[in-house]
Structure formats: C-alpha cells, structure tokens
Amino acid sequence: MTANDLLDLYRRMVRIRRFEERVAQLYAEGQIPGMVHLCIGQEATAVGVCAVLRPGDWISTTHRGHGHHIARGARLGPMFAELLGREGGVCHGRSGCLHLTDMSVGSLGAFGIVGASCIVAPGAALSAVLRGEDSVAVAFFGEGATGQGMFHEAVNLAAAWKLPVVFVCENNLYSEATPYAQVAPPVPVAERAAAYGIPGRQVDGNDVLAVRQAAAEAVARARAGEGPSLLECLTYRWRGHYEGDPETYRSPDEVEEWRNKCPIARLRAHLLEQGVDAGVLDEIEVQVASEVEAAVEEAQGSPFPGPETLDRDLFAPAYQPPPDLVLPPSHAATGSPPPAARPTRLLNGVAAIQEALREEMRRDERVFLMGEDLRQAVFGVTTPLFEEFGPERVRNTPISESAIVGCALGAAMTGMRPVVEIMFEDFLLVCADAILNQVAKQRYMTGGQATIPLVIRVPGGCGLSAGGQHSQSLEATFIHYPGLKVACPSTPADMKGLLKTAIRDPNPVLFFEHKALYYEGGEVPEGEYLLPFGVADVKRAGTDVTVVAILGSVPVALRAAEDLAAEGISVEVVDPRTLVPLDEETILASVRKTHRLVVVEEGPLTGGIGAEIAARVAERAVEYLDAPIVRVAAPDVVIPFTPALESLVPPDEGRIAAGVLRVLGR
C-alpha cells in the first residue's frame, strides 16, 4: 500500500469516529429521536473491508451500520439529516438510525432484524452471476446473528450456489447485553465456515491493515467465481448497545482495556513509524471535524417532512399494461364484452400459469424462478420450464424459505425480476419476517430508493387431505401489511393475465393460487394479454344479492348462484381478483344496485377478508343496504386431515345459498 492509501484509511476511520461522536452529542441534546446505535471502536472493520470494494459491489448491514456507509463514501449531510428525521435525509426521514440506507454507495439496506442482512446479500451476488458480472456482495452482521436461522440459511445457500458473497462477522463480544460466550459454543465464529465447505478466517478487527488483507483475499476469491467466505473480525464497541444503555453487563475496566486498543490510534502509530509527519495527521483531524460540522449545519437546515408525504414511496408507480394488451373484465353487469369474445382455448390453472411464466421469461431475461423442487414440482407448474430454461433461470433452492425470499429481495433490488415459489401457503409463515419486515417495508424505509419487482407465488386452500400445516388460506394475514400487493385469481384466464402483470410490476406481489383451481378448466384467450391490478370482475350479473367471493370460493359461488336462479333469485357474483389494490368501486356499485351483500371466503371467519370488505361497504354504502351483511367463511378451526371433517371447512354451495337466503330474509 502507498502512503496515500494508508492516509485514506486513516481519514475514513476518523470520519466515522467524529460522525458517531457528533451523533451522540445530538442525541444527548434531544435532537435525534428514537434509538441510536453507535459503532465507535469498530471503525477498522468497516474501513478495512470496504477499502477493497469497488463501484458496483454491494453491502448489507445492520442497525449499527453508519460506519459501513461512511466507509463506502456516503455523504455525511444526508446521513445526519436522516437521523434528525428531516426531509433532506438520505431516506427522507423514513429510516432513522436503525435502517439508514444509501443505495448510491451500493447499500442494500441496514436491517434492524438481527440476521436479516445475511439473507439479502446473496441476492445481489446472484444478480451478478446471472448477468455475468464480477461484482461481489458483503453481508455485515454481529456475532449474535449466528444464533439466527437466517445466518445459517444464507451461508448454506451461498455455498451451495458458489455465490460471490463475503460474510463479515463483527464480533464485539456482546449480543446486545449478553456476553456472547454465554449463549454460544466455545468455537470461533470463523470455524463454522467448515460446516459449509467454505473458508473461514478470524482476524484482529481493530487492525485495519489485517482486516483489509483478509477482506482482499475473500473478495478476490469471490470475484474469481470460487464462492463465499466467512470473515470474523474481533473488535469492541466502546459505548452501550444503544445510547442510554445502563451497561450493567460489563465492567469499566474491560471497556478501558479495549479503549487502549483503539484502531485509529493504532494506525496513527503505524503511520508515524512509517515517517508520516504528525502534522499531516493532525490536519486530517481538522479537516474531518470541519466536514462534520458543515454536515450537521446542512442537516439542521433541512425541513421536516410534511404530512402530505406520509404515504409517499410506499409503492413504485404501478405497471400500466399497454392498452392493446389489456383484457377487459367481463363486467357482465355492464354489458361490456367478456373475455370469451376473443378466440379462446380450454386450459387448466397449471397450464395457464406455465404459459404466463414461459412468455415472461422469453420476453425478459431478467425474469428467473427460484424455489424448492422446481424441477419436479409438487403441482407440476415449473417442471417443463426447467427443461426449457435450465437450472440457471429455474433454480432449485435448499429448503430455506427465509433465505429464498431474502435472496429474491436482494436480486430484485439489484435489477433482476425474481419469481419465487413457496411450496405451500402455510410456509409463508416460515419466511414471514423476510416478507413482512424486509420485502414489504424496504422501499418505504429507503425513501423510495429501492425498487422491488418481486413475485411470490404460493398454492393454498384445503381439499386435498393435506392436514393443518399444508391447507391454510392466509390471504387476510398479508393484506394487513402495507407495501405488498396481493393477487387472488379464480380462473385460468385470470391466473395468466394477473401473473404477467405481477411480473412486470415494480412492486412486490404475493400471488395466491388455490390448489383446487389448478385442475379446473376454463376458457383462456389466445395470444398475449394482461389484466390490470385493482379491477374487479363481475363474473355473473344479478339484481337481488351481491356475492363477493375470492379464489376457490368463486366457482362455488357461481354454482350456488345457478342453483338459486332456479328459485327465481338473481345473484350477482363479484370477484375482486386483487385484494391490494382492492376495487371498492365495483363492489359498491353492485351493492347499490342489489342492496344486499354476502361475502364468501375459505379463510377462517375471524379477521378474514370478509370483515374488511364488509367494513368498507358499511362505511361507504350503508344507506343502500336493506339487510345486514352476511359473511360465509371457514369455521375457526384447524383444518383436519380426514375428508369427513375437511369437507366441512370451506364454504360449499349449500352454505352460500343459505347465506343468500338469510340476507333476503327467507
């Protein structure tokens, strides 16, 4: 290394230290709300690793991530403004300390959930592999994250696929307030690498030159296509887990011992030994101090975000299908042409989804599939696609739902368009943190920096004697979390058109597919077409009662409506098709016409979709209702295995008809 290289390392470490010290002052003065986690004492690890990265490389980090961003060259003014909650913050005040993210310097995010940084970095590495680039991704995490399944899932996935990832453990000896030695086996973190067949190395995390050398070797290995490495940097945070931490868990003598191992003082001594004039180092200190104060002044001059910005950046602008490719809703009630007006052929749900995936993968090389057993899929959806597109674009994953979704998030943020298959809807709960805390929130928390074109396909519903852990309908669970779009097609035509739109949309989409509908046939228009989100479909026109049904309940409701027609009762069946966004206007228009509403779903009654739809209708059209709203749903039970009982769970034609008769007062 040249003298200038060494001085650059020194400047970066001093910049981190002075930034963090100033943050502590601002927090003590009450200018920074929330919680603040500082990395004072750990500067050498951040700087040593980031010194060997180049533009185009990526990092994911933690709640203690200021230093990593500064080491990558992030501007201090927007960082201070973010911590102050100002509009001029790098995330416009959306993230604060815990989630501060500057994608302009290659940051995938600072993740407040311990271990989450590990599952996202492999996705950026996978993007590089799929594009034929030699960029790398670095996942920073603390030693406490090694107790999380996400860490192990991520390392296993990266090792299995030989992804260019460097996992960097900043071992500061304490998992929050608990000594790491009390909650982990007496084995260095680096030695855990052997279990995954990758190199592991432990270094002095307070020696920036040692860290830089070890990181350079790991990064070079990754760029050469040799796969991931695990680097453990032994270091120490001088301050508490958070500002205001009473720190009763460690002694003043221990803290003082580590202060005497200051990484900045250590490099300064080395520079002086190399003949660098002390005045040069003093001048760097003065320059950095001036830079920090100017940044604080810049941040304090920024206004707070206005109330009109509250929901800004929740979603990227929605994909608008070209008008000539949009298949209009049947809207039987309005007399507009139904889909069958175009030439059609009979397909089942599996074939319709296959067709959508095949067309989109041929159209856009960024689209790829990942999930468990895609080559020999449980429902056969992806098997023929594996034969056409091969294992690079139809990727079999380990049984690691959190790693799958986290990897897909990283890939989506770095320019790819992943389509994830989760084998059963129940398994969404295994990766719920990745979906709800990472995928759903990342665009908003980054202040609109992140675009996340990610589709998660998942089959659900009962009827196959799969028992309580493979048969649930969880759609209502996921509409509760802002940042996700939710699609629920009920016909092969809708499956194809909505899935194509979902893949092209720049936002994360949960795409629910009812297992029973995989094998039901339906007319599917020939040629390419798309269905816009937020447009409900009136599957059957009627005048006496509105029935709103979703997914597998739609064909059941249509059969019930046919039976009721023989009794002179005219039922209008409305299929929302997407729950987020929800087409309230079509539902309200139908209710204003029929003056009665029945809502049907296969999920449990309590907290279901029906409750949400009923509430919105009651709020906006109660004066049109001639009878109380009736909900028909599954009973609040665990789905049983035996068909004798399972058949009692989903609403059937008889229960729907009874609901209609009830709302009619019969």
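Leu 369 stands opposite Val 394 in strand S11. This is a predicted model: local features need pLDDT of at least 70, side-chain atom pairs count only at pLDDT 80 or more, and totals for chains, interfaces and linings use all residues. Residues are numbered from 1 along each chain as its sequence is written, and side-chain values use heavy atoms, without hydrogens or water.

**The sheet**

Strands here are DSSP runs of E with at least two residues; helices are runs of H or I with at least four, and both are numbered from the N terminus. Strands of a sheet pair through backbone hydrogen bonds, either parallel or antiparallel. Two strands pair if DSSP finds at least two bridges between them. Three bridges join S10 to S11, and these two run parallel. Seven strands form an open, mixed sheet in the order S11-S10-S12-S13-S15-S14-S20. S11 and S20 stand at the edges with a single partner strand each, so one side of each has no neighbour in the sheet.

Helix H14 packs on this sheet. Contact means heavy atoms within 4.5 Å. H14 touches the strands S10, S12 and S13.

| Element | Residues |
|---|---|
| Helix H14 | residues 401–413 |
| Strand S12 | residues 417–421 |
| Strand S13 | residues 455–460 |

**Helix H19**

Which residues of H19 are buried? They are Glu 584, Thr 586, Ile 587, Leu 588, Ser 590, Val 591 and Thr 594. Buried means under 20% relative accessible area (1.4 Å probe, protein chains only). These residues pack against strands S17, S18, S19 and S21 and helix H20. Just after H19, His 595 takes a positive phi of about 70°.

Methods: Buried means under 20% relative accessible area, exposed over 50%, partly exposed in between (1.4 Å probe, protein chains only). Axes are lines fitted to C-alpha atoms, for helices over the stretch in contact, and angles run from 0 to 180 degrees between N-to-C directions.
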